[in-house]
Amino acid sequence: MPTWFGPEEARLFGVLHLPGDGVARAGVVICPPLGRQHLDTYRGLKLLAQHLCSRGFAVLRFDYRGTGDSTADQCRDSAVEGYLESIQTAVDYLRASGAQSVALIGLRVGALLAATAAASIEGLDGLILWDPATDGRRYLREQQALYQMTVGGQDADELPPEPGTVPLLGITLSTTAAAGLRALKMPAAAGSTPALVLIRPEHAEDRRLADLRAARNCAVQEIAGQPEFVEPPRIVVKIPMDTLATIEKWLDDNLPSEAGSFQPVFADRAVVDRLPDGRTVTESIIELGANRLFAIRTELAGTPAGGPTVLFHNTACEHRVGSGRIWPDTARQLAALGVSVVRYDRRGVGDTGIATEDFPWMHSPVAKADVTDAVDALGVPPERLIMTGICSGAWNSAYGGLERGARLVVLVNILLYSLRRSEGGSERIAQVTDDVSDDAAGDENTGQRRLWGLVKQGLRNWLPYQGWLLLGRLGYTQAPEVLLAALGESGVPTELVLSPMDFDWYVGHRGPIGAKRLARRGWAPKLTQAPAGDHAVLHRGLQNFIRQYLLAATRREFADQL
């Protein structure tokens, strides 16, 4: 059950997994990683929570203050203090609901935060440090290096990060908060709390774990599969099921077996911002359509139903928060204009349905049905609806526009321009195949992809445009004119916002030729090239660029309705 909890001035978002019959043997708080690692591990942590719940535990997954769907700005100077206070608030929520015993599980930097917070939380019954970051300085240095490697260090003058901030991979801290994180060190002991430390083999000699190893109430165990889980090289995140089983067994053995009454209080609405004029921005937990797609609606208190609405379609397998928390931050700024903003999770992603080991394909009949279900559930006429998304979310925005209409679709960093053979299209572009778990087929698949890549390069260079367009219509190549022409013929105003690499993709697939042809027929989408940034929108300056673009587009399109 999703809920907001904690003080009214500092509401946290969480999902509580409840055993049946209003009883629980103990409470478990899962302290997630930060930034990109939080997005990548979201499904795995949800799956762990489901498994623990089946063993009789009440399990709380939550977002620290200033992260995810929780309230507050991520760039606050007091961010790290807020993370630690959030853990205490989560424990208090479980105890107020009836949990007599509570344990913490922390993953990566979440383990460092959990161990630090545990020192001031009385009466903890268990502490699991899962692949812990043991040194804040080293963690910060690694994350800064990953950020530079991933976004290419592209801090063009036109897209600088905010002054006084430190961009990391998927989160941005103020310099003061970064200093606070840098100062954290793994405590030498867990006190009287029984602890389990799960480490990668390559971290076995970490000197900051030496004291924990020596403690009588602490067990240390090596685990496998962590890089593929927290730092996946591709969009497919492999959940380490053996590690989940180890955690389940340890908690089963170390926490009470007798269940007691557990009666939590749920809140489906929270004030997430207060404007200078006294108005409040609120968020409500809602469900969309017959498949109960999890969603959050952001709007000014008192906003009437059916008015101007912006719908965010999530990217790939990311849940509704998006890279760098782009969607909650943007939603709250858009809501201040007087529009209603909805972000949701499609089936298999985030908090819609049950988490499984299976990779949730980005383009499938189920994914397309979720798009139209979400639009239909809003009950908003097309002239009052703007849709946007990044990459596969952009394609879903286009698909929703084609199927249901829209006042505007803004396609950010779109790669897939095909309408036929769209199933698995983004997965093929990202070099994901049905054989991702078949190591023996890896070399053959790689060779086939490389060969097809060379064939397409030759086609782009030598095939006349009409032939290229025909292949695009058949779904064998990505000819931008195919999708853009369909949107034009359906009367759906369209704007593209592309990072430099996505603009190069657009040009390489003959987008400018198609745009000229469309212009001669009296219609062509607006195209804006961002001066810097990456495809996944991990670049902080690009996040801000996209947010300002959407704010300007919303003001323009709904000027007569706000």
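Ala, Val, Leu, Ile, Met, Phe, Trp, Tyr, Cys and Pro are counted here as nonpolar, Asp, Glu, Lys and Arg as charged, and the others, Gly among them, as polar. By this scheme, the lining of the largest cavity divides into seven nonpolar, 11 polar and two charged residues. A cavity is a set of points on a 1 Å grid over the protein atoms alone where a 1.4 Å probe fits but cannot get out, and lining residues have an atom within 4 Å of a point.

The model is predicted: local features need pLDDT of at least 70, side-chain atom pairs count only at pLDDT 80 or more, and totals for chains, interfaces and linings use all residues. Residues are numbered from 1 along each chain as its sequence is written, and side-chain values use heavy atoms, with hydrogens and water left out.

The largest cavity has a volume of about 160 Å³, a volume being the space filled by probe spheres set on the grid points, which are joined across faces, edges and corners. Of its 20 lining residues, Gly35, His38, Thr67, Gly68 and Gly170 lie nearest the centre. Helix α1 contributes the most to this lining, three residues; helices (H or I, at least four residues) and strands (E, at least two) are DSSP runs numbered from the N terminus.

His38 also turns up in the lining of the second largest cavity, alongside residues including Phe13, Tyr42 and Asp63. Here β2 (12-17), α1 and β5 (57-62) each give two or more residues. The space in this second cavity is about 100 Å³, and its lining comprises seven nonpolar, two polar and two charged residues.

Technical notes:
On a 1 Å grid over the protein atoms alone, a cavity is a set of points where a 1.4 Å probe fits but cannot get out, and a pocket is an open set with protein on both sides within 12 Å along at least five of seven lines; lining residues have an atom within 4 Å of a point.
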